[in-house]
Amino acid sequence: MRKRNSIFEGIDWSVLLLYYLLVIIGFFSVLAAVYNPDTFSLSNLSLNYNKQMIFIIASTVIGLLILSLEGRLIEPLSFPIYLLTLGLLVAVLFLGVKISGARSWFQFGAFSLQPGEFAKLSASMMVAAILAGANRKNFNKKLFLAIVVIAIPALLILPQPDLGSAIVFSSFLFVFYREGLPLFYVLIFIALGVFFILALVIDPDILSVVLGGMGVFVAILLRRMRRVWLTIAAVTALLVLFIQSVDYAFYNLLEDRHRNRINIMLGKAHDPKGIGYNTHQSMIAIGSGGVWGKGFLQGTQTKYDFVPEQQTDFIFCTIGEEWGFVGSFLFISLYLLFIYRIFVLAERQKLAYARIFAYSVGSIIFFHFTVNIAMTIGLFPVIGIPLPFISSGGSSMLAFSMMIFILLRLDTYRQEIL
């Protein structure tokens with residue numbers, strides 16, 4: 001095994017550069033979202049933008065430590081880090097403080113720590129460790145174990161309650177598909193999502209009858225293939241059962257705020273001054289930016305606090321208002337290029353662990369990116385998912401930065417393996 005002469009030897013500078021570009025954009029976006037000329041100060045650590053800078057510096061220090069690690073030590077750390085995270089998720093349910101209705105944080109003076117953000121990192125490491133040892137004979141067993149690994153933290157996060165963070169774990173579906181999960185199961189998962197939405201828009205009984213009729217029609221078309229009849233009947237019955245259970249899940253498992261936001265998104269309710277206020281104001285802010293935007297610190301919607309929590313979940317509307325369509329397009333393009341480079345790194349890995357971890361990181365970041373921006377423009381219900389590296393939040397910054405630096409270290413490790 002060849003030793004490196006420097007911790008930066010073999011590093012992918014494109015990913016590191018894109019990471020810091022996003023981090024810098026995030027800092028100035030947070031500053032713009034909370035800026036007040038009367039209280040502006042670079043020494044007051046209670047201000048969001050100063051906290052953001054502290055966590056950027058902390059992320060850099062942690063990143064340098066990660067880059068100095070022996071690459072072969074990362075995989076064995078997966079299980080201890082995963083267990084530590086589970087312990088923190090259990091502890092926060094009893095010892096955590098409530099912020100915005102969720103008991104998801106440990107409070108340390110002016111700073112807080114959210115274990116749910118680090119659960120995404122530890123789950124990525126653990127899934128990579130499990131699936132790295134998969135082969136044709138034991139793939140189903142390893143896959144089941146990996147599903148359990150992501151289900152445990154998701155179930156621990158739900159009671160906080162934090163539906164958004166729990167849903168993020170569904171992004172591992174793409175990782176499973178890349179590692180060998182048949183497309184059939186991916187399509188079933190997508191179909192369940194579609195039928196869930198349809199059952200909220202169309203009467204479940206009518207939808208069940210239509211689905212049953214479609215099943216009979218397909219069976220008639222395939223009358224010469226009687227062996228598939230049982231499969232068609234089973235799939236149709238399961239889908240009908242799922243459709244009939246949607247109402248119960250919707251009204252008993254979701255909170256009022258989530259139900260209301262879904263109803264607004266589906267056009268079943270209209271409440272621009274109530275539960276839909278944030279999204280409504282966010283869309284106004286983005287639209288008011290026009291083509292070129294109003295300029296840095298010149299956003300009137302931002303300046304007068306029309307959008308609550310703008311520095312966190314709705315940070316993208318700050319970019320839209322101040323930098324307009326052109327700035328938003330360039331930002332989205334930059335972000336997509338960053339995600340693309342992560343997947344490029346994933347495909348060139350020699351070790352299965354590194355490849356799977358890279359795909360996990362890319363999938364989680366892409367999920368956050370897509371859902372967060374969809375929330376700000378009214379295409380997805382507001383479920384509290386931050387925009388990585390852009391939204392204000394120390395736990396998110398640290399956790400996602402650790403993902404990137406671990407990925408960069410694993411990528412350099414491929415050159416040390418002869």
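Author: Two aromatic rings of Phe, Tyr or Trp count as a pair if their centres lie within 6.5 Å. Keep that in mind as we look at this model, which is a predicted one.

Reader: How many aromatic pairs does the structure hold, then?

Author: There are 18 of them. Some join up: ring pairs link Y19, Y20, F316, F331, Y335, F338, F369, F389, F400 and F405 into a cluster.

Reader: What makes Y19 and F389 a pair, and why is it called edge-to-face?

Author: Their ring centres are 5.3 Å apart, and the cut-off for a pair is within 6.5 Å. Then look at the planes: they stand at 90 degrees, and anything over 60 counts as edge-to-face. So edge-to-face is what we call this pair.

Reader: Which parts of the chain does that pair tie together?

Author: Y19 sits in helix α1 (residues 13-34), while F389 is in the loop between α15 (352-376) and α16 (394-413). The pair therefore ties together parts that are 370 residues apart in sequence.

Reader: How do you know whether Y19 is buried or exposed? And what about F389?

Author: Check the relative accessible area, where buried means under 20%. Y19 has 0%, so it's buried. F389 comes in at 1%, so that one is buried too.

Reader: Why is the pair F325 and F329 called stacked?

Author: The centres are 6.4 Å apart, which still falls within 6.5 Å. Their planes make 20 degrees, and stacked means under 30. So this pair is stacked. Both residues belong to helix α14 (residues 315-347), and being four residues apart puts about one helical turn between them.

Reader: Is F325 buried or exposed, and how do you know?

Author: Exposed! Its relative accessible area is 56%, and exposed starts over 50%.

Reader: On to helices. What makes α2 and α16 roughly parallel or antiparallel?

Author: They pack at an angle of about 25 degrees, with axes 9 Å apart. Angles under 35 degrees count as roughly parallel, so that's the name α2 and α16 get. The crossing of α2 with α16 is right-handed.

Reader: Which residues meet there?

Author: On the α2 side you'll find, among them, F55, S59 and I62, and the α16 residues they meet include M397, L398 and S401. Sorted by class, the contact of α2 with α16 has twelve nonpolar, five polar and one charged residue.

Reader: One more: is H368 buried or exposed?

Author: Buried, because its relative accessible area is 0%. H368 lies in helix α15, and residues it touches include K120, V168 and F400, with those up to four places away in sequence not counted.

Key: Residues numbered from 1 in each chain as written. Predicted model: local features only at pLDDT ≥ 70, side-chain atom pairs only at ≥ 80, totals over all residues. Heavy atoms only, no water. Phe/Tyr/Trp six-rings, centres within 6.5 Å; stacked < 30°, edge-to-face > 60°. Helix = DSSP H or I, 4+ residues; strand = E, 2+ residues; numbered from the N terminus. Buried < 20%, exposed > 50% of the residue type's maximum accessible area, 1.4 Å probe, protein only. Axes fitted to C-alpha atoms, helices over the stretch in contact; angles between N-to-C directions. Parallel < 35°, antiparallel > 145°, perpendicular 65-115°, else oblique. Left-handed = near helix turned anticlockwise from the far one by under 90°. Contact = heavy atoms within 4.5 Å. Nonpolar A, V, L, I, M, F, W, Y, C, P; charged D, E, K, R; others polar.
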